[in-house]
Amino acid sequence: MNKRLLGALATVAIGAAVIAGIGSYVANAKNDSGVLAATPAGTMETPQGTLPHATLAISVYPDSLWRDNGKGAHPGYVSYGPVTNYEVPAHSVITMTVTNYDGGESLNNDYFAHVRGTIDGSAMLNGERMTQISTDAVGHTFTIHGLAVDQDEFFVSVPMKAVAEEDMPEEGYTSKPNVTVFTFVTGGPGEYVWNCEYPCGDGSIAKFGHAMSTMGYMSGHFTVKG
Ligand SMILES: [Cu+2]
């Protein structure tokens, strides 16, 4: 991780608290919800040359009623799914598609409203290229980083646009999700974590409670496998 990035992260005090929480979460990995491995998809031209390509498609939901037939421990928690642990190949180019069915409020930090760490720093939102979204339209973020400062430099953060309030149904999931597609290059093998940097959980400390601090909802493992 480079110094500039480290500085930017250090300013996000609450985010740091979440990262500390993930430390204990990783220690509890035995309760894991399973792992989704990226699907090989041939090769792709990148600024680093032609690399093996793999894809990963996940979603974000406003609740966890879809999990365990609604009988899970926290059916009311916002959550990424179908699982929250992902595995991608090393030295490859990865295209992730995140379909967001959840709404949102306002992000407390402009840093995470920007796309970071992807090829050319952009992402596709509902088919249109973008590099950032308005801080008042962020539903969640997908932010991958190392746990330890001495780990390989690998940082990707993409904001997920919130579904408009009028498009959020009372029950079930919206028919107008926001679909974000982004592509990044992995380095060598390593164990990383990802988490959402948008304070989407309820509870104490500026909504960084509950879903944000409970394993398997807004955080998980991100394994780069050699
Ligand atoms: Cu979130």
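The model is predicted. The chain has 226 residues, and 49% of them count as buried. Three helices and 13 strands make up its list of elements. Among contacts with a separation of 6 or more, 72% join residues 24 or more positions apart.

**The nonpolar core**

- The largest nonpolar core holds 45 residues.
- Tyr80, Phe142, Phe182 and Phe222 touch the most other members of this core.
- Strand β3, residues 49-61, supplies the largest share of the core, with four residues.

**Strand β11 and its partners**

- Strand β11 spans residues 178-185. It is mostly covered, with six of its eight residues buried.
- Strand β6, residues 93-100, pairs with β11 in the antiparallel sense. Eight bridges join β6 and β11.
- One point of reference is Thr95, whose bridge partner in β11 is Thr183.
- Strand β7, residues 123-125, also pairs with β11. This pairing is antiparallel too, over two bridges.
- Here Met124 stands opposite Val181 of β11.

**Strands β9 and β10**

- Strand β10 covers residues 156-161. Five of its six residues are buried, so it is mostly covered by the cut-off of under 20% relative accessible area.
- Strand β9, residues 138-145, runs antiparallel to β10. Six bridges join the two strands.
- Ile144 has Val156 in β10 as its bridge partner.

**Aromatic rings**

- The structure holds 19 aromatic pairs.
- Tyr86 and Trp194 form a tilted pair. Their ring centres are 6.0 Å apart, with 35° between the planes.
- Tyr86 lies in strand β5, residues 85-89, and Trp194 lies in strand β12, residues 190-195, so this pair ties together parts that are 108 residues apart in sequence.
- Tyr86 is buried, with a relative accessible area of 0%. Trp194 also counts as buried, at 0% relative accessibility.
- Tyr111 and Phe112 form an edge-to-face pair. The distance is 4.9 Å centre to centre, and the planes make an angle of 85°.
- Tyr111 is buried at a relative accessible area of 12%. Phe112 counts as buried at 1%.
- Ring pairs also link a cluster. Its members are Tyr80, Tyr86, Phe142, Phe154, Phe182, Phe184, Tyr192, Trp194 and Phe222.

**Charges over rings**

- The charged end of Arg116 sits over the ring of Tyr111, 3.8 Å from the ring centre. Tyr111 is the residue that forms the edge-to-face pair with Phe112.
- The charged end of Arg67 sits over the ring of Tyr217. Here the distance to the ring centre is 4.6 Å.

**Ser64, a loop residue**

- Ser64 is found in the loop between β3 and β4, where β4 covers residues 79-81.
- Ser64 has a relative accessible area of 3%, so it counts as buried.
- The side chain of Ser64 reaches the backbone oxygen of Tyr77 at 2.8 Å.
- Leaving aside neighbours within four places in sequence, Ser64 is in contact with His74, Pro75, Tyr77, Ser79 and Tyr217.

**Met168, another loop residue**

- Met168 has its place in the loop between β10 and β11.
- Met168 has a relative accessible area of 23%, so it counts as partly exposed.
- Met168 and Asp102 are 66 residues apart in sequence. In space they are 7.5 Å apart, C-alpha to C-alpha.
- Not counting residues up to four places away in sequence, Met168 touches Pro62, Tyr101, Asp102, Gly103 and Val163.

Technical notes:
Residues numbered from 1 in each chain as written. Predicted model: local features only at pLDDT ≥ 70, side-chain atom pairs only at ≥ 80, totals over all residues. Heavy atoms only, no water. Core = buried A, V, L, I, M, F, W, Y, C linked by side-chain atoms within 4.5 Å. Buried < 20%, exposed > 50% of the residue type's maximum accessible area, 1.4 Å probe, protein only. Pairing = 2+ DSSP bridges. Polar contact = N/O pair within 3.5 Å; in protein donor to acceptor, adjacent residues only side chain to side chain. Contact = heavy atoms within 4.5 Å. Phe/Tyr/Trp six-rings, centres within 6.5 Å; stacked < 30°, edge-to-face > 60°. Lys NZ or Arg CZ within 6 Å of the ring centre and 35° of its normal.
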